[in-house]
Amino acid sequence: MAEDKINPKCKVVIVGGSAGSLNALMQILPELYVLNAFALVIVLHRRGTDDMTLEELIKIKTEVPVKIIEDKEPLVPGFLYVAPSNYHLLFEKGETMSLDTSEKVNYSRPSIDVSFESAAEIYGDSLVAILLSGSNADGTEGLKTIQNAGGIIIVQDPQSADMPFMPNNAIRHTTPDFILNTDEILKFIISVNS
């Protein structure tokens, strides 16, 4: 891994995924114990229900404190945030997050593209985005926006993804800074955290 690509001023690591991405997260999250300098935000395609199953599972699997995102929630380093079902997650000036119920994008709400693009606008080169397993094209346009804003983009190695369509699509249409398997993604997050 090229050390010069690791962003020392990272404020946010945002992770997007769909089908199969939960398996990848369950390999990464139990190995994270503390986040020193940045917030970790997870945006996964979910069923359009209000159940908190995903948040509860993530709380069980990591020692990092998990916050449920509410509208106008401040984004605080050291916490892990999970985008709720049936809302687009947006980032605002003043380091807050907001929830939006506008139309689905890429058949999804939350849409990875919407969250990635919004995060890029606010955090620019202090943003790292990771796109995991999935079965549609969501996330690719957002990765382009993040890279154009100076952020780092990482795509899960399709060979390690349960559903390789999403990472393959991103690799075809962007130039990722890194293409990593789950162990390498974990090592990258830990290196940013050091």
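# A chat about a predicted model

Visitor: How many helices and strands are in the protein?
Guide: The protein has 6 helices and 10 strands. Helices (H or I, at least four residues) and strands (E, at least two) are DSSP runs, numbered from the N terminus. This is a predicted model, in which local features need pLDDT of at least 70 and side-chain atom pairs count only at pLDDT 80 or more, while totals for chains, interfaces and linings use all residues. Residues are numbered from 1 along each chain as its sequence is written, and side-chain values use heavy atoms, with hydrogens and water left out.

Visitor: What share of the contacts comes from residues 24 or more positions apart?
Guide: Such residues account for 69% of the contacts with a separation of 6 or more. Contact means heavy atoms within 4.5 Å.

Visitor: Switching topic. Where does UniProt put the "active site"?
Guide: The UniProt record, an unreviewed entry, places that feature at Ser18, His45 and Asp138. UniProt positions are given in the numbering used here, feature names are shortened, and annotations may be inferred rather than shown by experiment.

Visitor: Why say that they gather at one spot?
Guide: They span 121 residues in sequence, yet no two of their C-alpha atoms are more than 9.5 Å apart, so they gather at one spot.

Visitor: Is serine 18 buried or exposed?
Guide: Serine 18 is buried, at a relative accessible area of 15%. Its place is in the loop between strand S1 (12-17) and helix H1 (21-28). Leaving aside neighbours within four places in sequence, serine 18 contacts His45, Ser133, Gly134, Ser135 and Met166.

Visitor: And what does histidine 45 touch?
Guide: Not counting residues up to four places away in sequence, the partners of histidine 45 include Ser18, Asp138, Pro110 and Met166. Histidine 45 is in the loop between strand S2 (39-44) and helix H2 (53-61).

Visitor: You listed Pro110. Which peptide bond there is cis?
Guide: The bond from arginine 109 to proline 110 is cis, with omega near 20 degrees. Proline 110 is in the loop between S7 and H3.

Visitor: In what order do the strands of the open sheet run?
Guide: The order is S4-S7-S6, 3 strands with antiparallel pairing. Strand S4 (73-74) and strand S6 (88-92) stand at the edges with a single partner strand each, so one side of each is left without a neighbour in the sheet. Two strands pair if DSSP finds at least two bridges between them.

Visitor: How many bridges join S4 and S7?
Guide: S4 and strand S7 (residues 96-100) pair over 2 bridges, in the antiparallel sense. Threonine 96 in S7 is the bridge partner of proline 74.

Visitor: Where is glutamate 95, and what is its phi?
Guide: Glutamate 95 is in the loop between S6 and S7. Its phi is positive, about 55 degrees, although it is not a glycine. Glutamate 95 is partly exposed, with a relative accessible area of 31%.

Visitor: And asparagine 86, what is its phi?
Guide: Near 70 degrees, a positive value in a residue other than glycine. Asparagine 86 lies in the loop between strand S5 (80-82) and S6, and is partly exposed at 26% relative accessible area.

Visitor: Now H4. Which of its residues are buried?
Guide: In helix H4 (residues 140-148) they are Thr140, Gly142, Leu143 and Ile146. Seen down the axis of H4, they fall within an arc of 155 degrees, so they line one face of the helix. The arc is that of the directions from the helix axis to the C-beta atoms.

Visitor: What covers them?
Guide: The cover includes helix H3 (112-123), strand S8 (127-131), strand S9 (152-156) and helix H5 (165-173).

Technical notes
Buried means under 20% relative accessible area, exposed over 50%, partly exposed in between (1.4 Å probe, protein chains only).
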